[in-house]
Amino acid sequence: MVTRRPIGDPGGTTSDDPLAAIVDAVLDGSRALVAVSARSIAGAKSVTLPQFRMLVVLSEAEDSLTGLAGQLDVAPSTALRMVDRLVAAGLVERSVRPENRRETRLALTSAGRRVVRTVTQRRRRDLRAVLERLDPDRRDAVAAAMADFAAAAEQVWPATGRSLP
């Protein structure tokens with residue numbers, strides 16, 4: 001159930017902003033999506049949501065620390081601490097490229113790939129459970145709206161689709 005905030009509520013709908021009610025509805029939807037994300041990752045022992053984002057990025061392609069930090073929009077020092085924890089957990093491995101020994105490549109281990117696969121399967125299951133409760137005639141509209149939202153977000157923040165879990 002979507003709840004509307006009273007007019008005048010901080011962050012709530014105001015009568016002079018034509019997008020305010022839409023922003024409120026998207027906030028409500030995003031809270032539900034964050035709950036699905038949190039629920040799906042809860043079973044992945046010792047992996048935080050930011051670490052899972054890193055695993056998802058690495059599941060798409062090996063990368064260097066600098067490249068990974070850029071994709072995640074974090075400082076290289078932050079990415080390094082995350083990588084260190086994921087290496088210690090056996091989810092990421094480092095390797096030196098023979099053609100450039102100064103560059104360390106980062107890749108998922110089989111355990112890291114398994115975590116991404118398991119969490120993604122849980123997320124799909126939970127999203128399916130929510131979508132099954134929608135009126136079947138509205139499901140295509142929800143899918144179209146989400147695709148439009150993702151495309152607009154890509155225009156505001158290029159490459160967001162690749163780094164979000």
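**Fold, core and local contacts of the predicted chain**

Among contacts in the chain (heavy atoms within 4.5 Å) between residues at least 6 apart in sequence, 49% join residues at least 24 apart. The model is predicted, so local features need pLDDT of at least 70 and side-chain atom pairs count only at pLDDT 80 or more, while totals for chains, interfaces and linings use all residues. Residues are numbered from 1 along each chain as its sequence is written, and side-chain values use heavy atoms, with hydrogens and water left out.

The chain has seven helices and three strands, where helices (H or I, at least four residues) and strands (E, at least two) are DSSP runs numbered from the N terminus. Read from the N terminus on, the elements follow the order α-α-β-α-α-β-β-α-α-α. Of the 165 residues, 27% count as buried; here buried means under 20% relative accessible area, exposed over 50%, and partly exposed in between, with a 1.4 Å probe and protein chains only.

In soluble globular proteins, nonpolar side chains tend to be buried together. A nonpolar core is a set of buried Ala, Val, Leu, Ile, Met, Phe, Trp, Tyr and Cys residues joined through side-chain atoms within 4.5 Å. The largest such core has 23 residues, of which Phe-52, Met-54, Leu-55 and Leu-68 touch the most other members. At least two residues each come from α2 (49–60), α3 (65–72), α4 (76–88), β3 (100–108) and α5 (110–131), and α2 gives the most, with six residues. Leaving aside neighbours within four places in sequence, Met-54 is in contact with Leu-68, Leu-72, Ala-79, Met-82, Val-83 and Leu-86.

Met-54 also takes part in the packing of α2 against α3, where Arg-53, Met-54, Val-57 and Leu-58 of α2 meet Leu-68, Gln-71 and Leu-72 of α3. The axes of these two helices come within 10 Å and cross at roughly 115°; axes are lines fitted to C-alpha atoms, for helices over the stretch in contact, and angles run from 0 to 180 degrees between N-to-C directions. The crossing of α2 and α3 is right-handed, a crossing being left-handed if the near helix is turned anticlockwise from the far one by less than a right angle, and right-handed if clockwise. In the loop between α3 and α4 lies Asp-73, whose phi is near 60°, a positive value in a residue other than glycine. Asp-73 is exposed, because its relative accessible area is 70%.

Helix α6 (residues 136–156), with 21 residues, should span 30 Å, and its end C-alpha atoms are 31 Å apart, which agrees. At the start of α6, a side-chain oxygen of Asp-135 reaches to within 2.9 Å of the backbone nitrogen of Asp-137.

Val-92, in β2 (residues 92–97), is buried, with a relative accessible area of 3%. Val-92 and Leu-106 are 14 residues apart in sequence and 6.7 Å apart in space, C-alpha to C-alpha. Not counting residues up to four places away in sequence, Val-92 touches Leu-55, Leu-58, Leu-86, Val-87, Leu-106, Ala-107, Leu-108 and Thr-109. Thr-109 sits in the loop between β3 and α5 and is buried, at 15% relative accessible area. With the neighbours within four places again set aside, Thr-109 is in contact with Gly-90, Leu-91, Val-92 and Glu-93.

Charged residues also feature here. Arg-105, placed in β3, counts as buried because its relative accessible area is 16%. Its side chain and that of Glu-103 are joined by a polar contact of 2.9 Å; a polar contact is a pair of N or O atoms within 3.5 Å, where within protein one must be able to donate a hydrogen and the other to accept it, and residues adjacent in sequence count only if both atoms are side-chain atoms. Arg-97, in β2, is partly exposed, with a relative accessible area of 27%, and touches Glu-103 and Arg-105, not counting residues up to four places away in sequence.

Conventions:
The expected span of a helix is 1.5 Å times one less than its number of residues.
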